[in-house]
Amino acid sequence: MNNALITGIELSYLLAAILFIIGLKQLSSPATARQGNFLAAIGMLIAIIATLINQEILSYGLIAVALVIGSIIGLVSAQKVPMTAMPQMVGIFNGLGGAASALIAIGEYWRLLQSGENIAFDSILIAILGILIGGVTFTGSVLAFAKLQELISGAPVTFPFQQPFNILLLLTFLGGSVYLFFDPTSIDVFLTLVALSLIFGALFVLPIGGGDMPVVISLLNSFSGLAASVVGFILMNSMLIIAGALVGASGIILTQIMCKAMNRSLASVLFGAFGTGASAGGEASATSSLDKSVHAIDSEEGAMMLGYARSVVIVPGYGMAVAQAQHAVRELAEQLEKNGVEVKYAIHPVAGRMPGHMNVLLAEANVPYPQLYDMDDINPEFERVDVALIIGANDVVNPAARHDKASPIYGMPILDVDKAQHTIVIKRSMRSGFAGVENELFYNPKTFMLFGSAQDVVAQLVSQVKDLS
């Protein structure tokens with residue numbers, strides 16, 4: 001390969017890396033996220049073309065077939081998978097990335113064994129890291145997918161001596177890795193390491209509850225990036241190293257942001273078995289001393305409160321996503337604005353089942369970006385808001401997080417909806433949220449409960465608000 005071609009390939013990699021960085025930066029804002037995603041996709045296309053030119057390809061035909069199959073799967077997924085299932089799709093994509101990295105590590109190690117050459121220390125180390133990170137990412141993501149898809153219970157699954165057993169698995173993996181440095185030709189030990197990484201990934205996610213899924217998805221996304229970066233060292237491909245490092249770094253930063261939004265450490269997320277699905281307040285909880293009566297209203301009363309208000313803040317949650325009510329919510333907001341009501345949306349960082357879940361849903365419904373407000377920006381305004389409309393949100397609006405030290409969510413930053421003049425909560429029932437904590441907001445004298453599916457209730461509100469015009 002001549003020097004001019006090599007230089008062209010490296011410049012292509014540099015251009016792709018620049019597009020990745022710009023794309024990541026633009027993904028930080030809903031207003032520029034679509035453009036950022038497009039730029040990153042262009043960067044990936046450039047990197048793929050440059051890589052195909054750069055490497056000694058055994059069969060372009062097989063690669064073309066794989067590209068066609070993968071493109072069809074991606075296109076069908078993008079068209080058919082509903083926005084409510086986006087967390088599951090992100091989870092399974094993380095897993096596939098980890099699986100690909102692990103398979104490359106296994107294949108490269110097998111190639112070195114078949115060559116009959118002495119396997120260098122760094123080659124063994126990189127292969128071990130590849131199967132560890134890739135294997136954990138794969139099975140961990142598959143289990144996260146199963147929890148989100150409700151194929152298995154989303155509640156934490158624990159058993160006696162679970163964490164000591166996980167530590168034993170990890171120590172066994174480390175011991176086998178050391179042995180492999182002394183005897184790289186031991187196939188049995190190598191395959192045992194592969195199996196241990198897969199088992200550890202599943203057990204890693206098993207005790208994590210549904211309330212912590214946004215953090216888990218972010219962390220697994222970081223793992224998939226690290227696995228890709230390791231594969232870059234295996235294949236001596238600088239583009240993979242850069243892209244993997246960017247994904248790994250952004251994933252771990254997002255993980256820390258999610259933990260901060262929940263006021264919890266990463267260790268407590270991974271090992272705290274948070275979100276059991278049962279009321280966690282207990283006798284010590286301040287909620288148990290509240291008057292448990294609720295004020296239920298119908299859609300006509302709710303429409304009058306909203307239609308005659310000066311300002312309304314809509315707080316979307318996973319209940320809105322499940323009911324696929326985002327389009328009806330936008331229609332309600334537009335109708336309120338026609339009546340002269342100022343409408344804003346309050347977005348909590350961990351509302352839903354993945355980071356940015358509510359932003360994605362509202363963007364899909366063409367809600368104007370300037371109406372979306374982060375928690376820190378909207379909280380000071382709630383005292384001046386006439387009506388806070390909660391649609392399927394629960395833990396992120398629970399006032400117990402501010403004062404009830406016996407509550408598992410104590411200290412978690414929340415949306416201060418209870419400070420609004422009135423609060424309307426749309427829910428199917430009085431069931432607790434992911435954290436399994438009873439919400440004292442429901443018993444607040446200023447709170448009015450509108451029971452039913454978010455899709456149906458919001459549609460009724462739209463009709464009733466129109467009649468007020």
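Colleague: Into which domains is the protein chain divided?
Modeller: This is a predicted model, and the domain bounds come from an automatic or database assignment. The protein chain is divided into domain 1 (1–56), domain 2 (86–270) and domain 3 (297–466).

Colleague: How far apart do the C-alpha centres of domain 1 and domain 3 lie?
Modeller: Domain 1 covers 1–56 and domain 3 covers 297–466. Between their C-alpha centres the separation is 40 Å.

Colleague: Which residues is Leu306 in contact with, leaving aside neighbours within four places in sequence?
Modeller: Leaving aside neighbours within four places in sequence, its contacts are Val312, Leu332, Leu336, Val341, Val387, Leu389, Ile424 and Leu461.

Colleague: Within what arc do the buried residues of α6 fall?
Modeller: The buried residues of α6 are Gln162, Asn166, Leu169, Phe173, Gly176, Ser177 and Leu180. Seen down the axis of α6, they line one face of the helix, because they fall within an arc of 105°.

Colleague: Which residues are exposed on the other side of α6, and what covers the buried ones?
Modeller: On the other side of α6, the exposed residues are Ile167, Leu171 and Phe182. The cover over the buried residues of α6 includes α4 (86–115), α5 and α7 (187–205).

Colleague: Is Leu203 buried or exposed, and what is its relative accessible area?
Modeller: Leu203 is found in helix α7, and α7 is part of what covers the buried residues of α6. Leaving aside neighbours within four places in sequence, Leu203 is in contact with Phe159, Phe165, Asn166 and Leu169. Buried means under 20% relative accessible area. Leu203 is therefore buried, with a value of 13%.

Colleague: How far apart in space are Leu203 and Asn166?
Modeller: In sequence, Leu203 and Asn166 are 37 residues apart. Asn166 is among the residues in contact with Leu203. C-alpha to C-alpha, Leu203 and Asn166 are apart by 7.2 Å.

Colleague: Which residues does Asn94 touch, not counting those up to four places away in sequence?
Modeller: Asn94 has its place in helix α4. At 5% relative accessibility, Asn94 counts as buried. Not counting residues up to four places away in sequence, Asn94 touches Thr137, Ser141, Ile217, Leu220, Asn221 and Ser224.

Colleague: What is the relative accessible area of Gln88, and which residues is Gln88 in contact with?
Modeller: Gln88 is found in helix α4 and is buried, with a relative accessible area of 7%. Leaving aside neighbours within four places in sequence, the contacts of Gln88 are Phe145, Leu148 and Gln149.

Colleague: Which residues does Met258 touch, not counting those up to four places away in sequence?
Modeller: Met258 is found in helix α9 (residues 238–262). Its relative accessible area is 3%, so Met258 is buried. Not counting residues up to four places away in sequence, Met258 touches Pro214, Val215, Ser218, Pro349, Val350 and Pro355.

Colleague: Which residues does Met375 touch under the rule of not counting residues up to four places away in sequence?
Modeller: Met375 lies in helix α15 (residues 375–378) and counts as buried at 8% relative accessibility. With residues up to four places away in sequence not counted, Met375 touches Ile347, His348, Pro349, Pro413, Ile414 and Leu415.

Colleague: How far apart are the end C-alpha atoms of residues 6–24?
Modeller: The unreviewed UniProt entry gives the annotation "transmembrane region" to residues including 6–24. In the model, this span is 100% helix and 0% strand. The end C-alpha atoms of residues 6–24 are separated by 27 Å.

Methods
Residues numbered from 1 in each chain as written. Predicted model: local features only at pLDDT ≥ 70, side-chain atom pairs only at ≥ 80, totals over all residues. Heavy atoms only, no water. Contact = heavy atoms within 4.5 Å. Buried < 20%, exposed > 50% of the residue type's maximum accessible area, 1.4 Å probe, protein only. Helix = DSSP H or I, 4+ residues; strand = E, 2+ residues; numbered from the N terminus. Arc of directions from axis to C-beta. UniProt positions renumbered as here; feature names shortened; annotations may be inferred.
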